[in-house]
Amino acid sequence: MTDHAKLAWADVARIRAAAPLVHNITNYVVMNPTANALLALGASPVMAHALEEVEEMVGLASALVINIGTLSGPWVEAMIRAGREAKRRGVPIVIDPVGSGATRLRTTTVERLLAEAPPTIVRGNASEIRSLVIADAATKGVDSTHAVEDAIASARTLAERHGCVVSVSGETDVVVSKDAVVRVRNGHPWMARVTGMGCTASALTGAFAAVSATPFDAAVHAMVVMGIAGELAAERSRGPGGFQAELLDALFLLDEATVVKHARVEVP
Amino acid sequence: MTDHAKLAWADVARIRAAAPLVHNITNYVVMNPTANALLALGASPVMAHALEEVEEMVGLASALVINIGTLSGPWVEAMIRAGREAKRRGVPIVIDPVGSGATRLRTTTVERLLAEAPPTIVRGNASEIRSLVIADAATKGVDSTHAVEDAIASARTLAERHGCVVSVSGETDVVVSKDAVVRVRNGHPWMARVTGMGCTASALTGAFAAVSATPFDAAVHAMVVMGIAGELAAERSRGPGGFQAELLDALFLLDEATVVKHARVEVP
Amino acid sequence: MTDHAKLAWADVARIRAAAPLVHNITNYVVMNPTANALLALGASPVMAHALEEVEEMVGLASALVINIGTLSGPWVEAMIRAGREAKRRGVPIVIDPVGSGATRLRTTTVERLLAEAPPTIVRGNASEIRSLVIADAATKGVDSTHAVEDAIASARTLAERHGCVVSVSGETDVVVSKDAVVRVRNGHPWMARVTGMGCTASALTGAFAAVSATPFDAAVHAMVVMGIAGELAAERSRGPGGFQAELLDALFLLDEATVVKHARVEVP
């Protein structure tokens with residue numbers, strides 16, 4: 001059986017050694033904390049969204065993370081353009097369909113991305129993942145109104161259709177490919193009370209995708225590391241305010257023994 | 001006499017129970033901390049500014065917060081469009097006229113909003129509020145150069161003209177309608193040394209507007225809760241850096257006894 | 001010999017007394033922390049990027065900071081327009097060429113700014129500074145791949161060509177004019193693990209440029225104060241997460257004795 005704890009740690013060590021450049025085209029709300037989470041983990045983040053430069057930046061990057069949290073027309077075009085270039089170069093692509101299902105713009109943008117710049121990994125909450133398969137699924141703003149287990153069938157359909165890995169986050173995180181399902185039972189309830197925790201998980205998934213043996217491993221290891229860091233941060237905090245700084249410190253200070261001790265991965 | 005402390009707490013409890021979706025079209029500087037403040041309080045924030053989706057997002061929301069802190073052409077149009085849709089649907093609108101009086105673009109944008117998407121509540125500092133009534137009033141960037149008491153006449157004029165509540169923040173906060181004035185003497189001087197504290201007050205005002213009995217109550221209760229959280233945060237901090245995380249924790253941990261004990265509301 | 005420690009403190013005192021308005025046209029990632037750093041130091045930050053208002057805002061400001069970290073077409077035009085107006089009015093201009101060398105858009109934008117809105121001070125990392133002089137110099141995203149000492153010749157060329165001061169940040173910071181070089185040996189390695197520390201140094205350089213006797217002094221004093229604050233913050237932190245709040249508190253609480261004790265400035 002795959003020992004995801006050991007492998008997750010090995011990937012962290014690779015990220016720290018290589019400091020892979022992760023190119024993010026992401027939303028305004030989370031640019032700062034996702035850049036900081038990537039730096040704390042050991043990766044090198046860059047944000048760039050201009051049509052004039054996204055292809056060039058993708059050419060320098062080891063992973064591309066596309067997050068649709070605060071869309072507008074020119075950003076959509078930049079995401080498509082960057083995604084195509086990443087595909088052409090074999091740079092792994094992570095898509096975070098923030099708020100898909102809440103508005104047509106968000107759902108159709110993800111559909112365009114899936115068609116024109118097929119992702120390596122899609123990482124979203126249960127409502128967002130369902131909205132990409134079930135026509136009338138709804139999302140409350142950017143928050144999920146569905147349990148993760150209710151999104152697994154949608155995740156598998158998505159994985160089959162697009163040949164990608166789907167990472168569904170919630171109280172339990174579930175990573176799905178066309179023929180595998182792994183559950184990660186790490187994390188803390190306060191992560192739902194800090195903005196951009198899902199977006200941060202997506203950014204870290206990008207860093208792992210740059211070094212992991214497979215996209216599936218990358219998705220699992222990112223959720224393990226994110227979840228463990230969340231648990232450690234919660235132990236040292238009174239609430240979601242102090243939690244944010246502690247999360248960065250937990251990512252920065254993470255060691256093998258801690259990962260092995262805390263990882264709760266269920267491989268069927 | 002209205003017991004605003006008790007009522008403020010009751011509104012907090014309502015926000016925590018209902019987690020109202022607050023749609024923010026706000027400035028880049030404060031998107032992250034205002035989203036986090038709304039989450040810490042118990043509301044559900046969403047940021048969306050694309051012309052293609054603002055009306056749809058307003059349709060899901062329980063309040064709309066418009067903040068002009070970092071304007072540009074397409075954002076102004078999105079604000080107008082979202083504001084009209086909110087008006088049509090009866091969704092309460094909070095406008096934060098950040099930097100009104102500093103540049104013509106800011107002042108005229110607020111004037112357009114007041115005319116085309118009449119707000120439920122306007123919340124700004126003394127200079128900003130004055131600039132909306134007195135033609136040659138000036139603002140130093142986004143900071144007030146006037147005392148709150150000097151803005152009360154302007155606030156009343158504004159309230160009368162537009163049938164809205166006006167919330168003026170400063171050392172003492174003053175909430176004004178056409179026939180009432182309430183002073184809130186909560187808060188801490190460090191709140192002027194953290195960017196976006198006014199914007200955060202506006203975002204919280206949106207959450208309260210989603211649940212309060214009246215817009216006037218919403219404006220008062222938001223300033224009470226924000227001010228108390230600021231006092232509690234300052235007690236646990238050395239300066240404005242640590243203060244930010246403590247403010248979020250204070251909002252998250254707030255309980256009835258604390259609100260009742262600390263609220264300093266003057267109803268004439 | 002110039003006592004930069006004493007002079008740096010005198011400038012901090014001036015900033016606290018005058019609260020100069022620093023107009024930032026900067027990147028989305030760092031807007032919040034740079035505004036907070038300026039406030040913690042005692043300056044008054046404003047962010048404004050609309051073509052319709054940048055000239056008016058420059059007219060209110062005591063310094064203009066242009067940071068190209070997340071460019072797009074309209075922002076470039078706003079930077080040029082603001083820069084020209086600042087030049088016309090004698091408002092000092094600080095340019096931070098974030099990621100120059102990584103993409104053509106970034107390099108050419110800085111070249112346009114150097115030509116059309118000649119800066120008072122350019123502040124960047126070694127790779128960025130080299131890219132402005134050496135045609136094929138590369139930058140890894142926004143991180144430097146060169147040692148500061150390798151950028152001194154480029155910095156001098158840049159200083160001579162454009163009659164500006166060049167501030168190169170790294171393990172040691174070096175401030176260069178056409179006829180002087182000063183090294184600042186303050187700072188802490190974690191500053192490379194927090195996003196926007198260079199951008200924050202540029203913003204503070206803007207505040208110092210508003211009050212310092214000379215642009216050269218402004219550049220040196222900003223790096224001294226930033227570096228000392230970083231050292232103090234690291235002493236009180238476990239990692240780059242907690243460090244961020246501590247850095248703001250250190251800026252806020254800084255006193256003369258601390259500056260004099262910790263400043264490590266090498267004047268040849």
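Which residue in strand 9 of chain B is the bridge partner of V184(B)? The points below take up this pairing and then turn to the contacts between chains.

1. The structure is a predicted model. The comments that follow should be read with that in mind.

2. The bridge partner of V184(B) is V265(B), a residue of strand 9 of chain B. Strand 8 of chain B, residues 180-184, is joined to strand 9 of chain B by two bridges, and the two strands run antiparallel.

3. This pairing belongs to an open sheet of nine strands in chain B, with mixed pairing and the order 2-1-3-4-5-6-7-8-9. Strand 2 and strand 9 (265-266) of chain B are the edge strands, each pairing on one side only.

4. Helix 7 of chain B, residues 152-162, lies across strand 5 (121-125), strand 6 (165-169), strand 7 (173-177) and strand 8 of chain B.

5. The next matter is the contact between chain B and chain A, to which 28 residues of chain B and 28 residues of chain A contribute. On the side of chain B that touches chain A, at least two residues each come from helix 2 (31-41), strand 2 (44-47), helix 3 (54-60) and helix 10 (240-253) of chain B. Helix 10 of chain B supplies the largest share of that side, seven residues. By class, this side of chain B holds 19 nonpolar, four polar and five charged residues.

6. Why do the copies meet through different surfaces? Only 11% of the interface residues of chain C are also interface residues in chain A, so the surfaces used by the copies are different.

7. Finally, the arrangement of chains A and C may be described by symmetry. Chain C is superposed on chain A by a rotation of 120° with 0.0 Å of shift along its axis, at an RMSD of 0.0 Å. That is the relation of a three-fold axis. In chain C, the C-alpha nearest the axis belongs to Y28(C), 3.7 Å from it.

Note on methods: Residues are numbered from 1 along each chain as its sequence is written. Chains are lettered from A and ligands numbered from 1 in the order in which they are written. This is a predicted model: local features need pLDDT of at least 70, side-chain atom pairs count only at pLDDT 80 or more; totals for chains, interfaces and linings use all residues. Two residues are in contact if their C-beta atoms, placed from the backbone, lie within 7 Å. Helices (H or I, at least four residues) and strands (E, at least two) are DSSP runs, numbered from the N terminus. Ala, Val, Leu, Ile, Met, Phe, Trp, Tyr, Cys and Pro count as nonpolar, Asp, Glu, Lys and Arg as charged, and the others, Gly among them, as polar. Copies are superposed by least squares on the C-alpha atoms of residues with pLDDT of at least 70 in both. Two strands pair if DSSP finds at least two bridges between them. Axes are lines fitted to C-alpha atoms, for helices over the stretch in contact, and angles run from 0 to 180 degrees between N-to-C directions.
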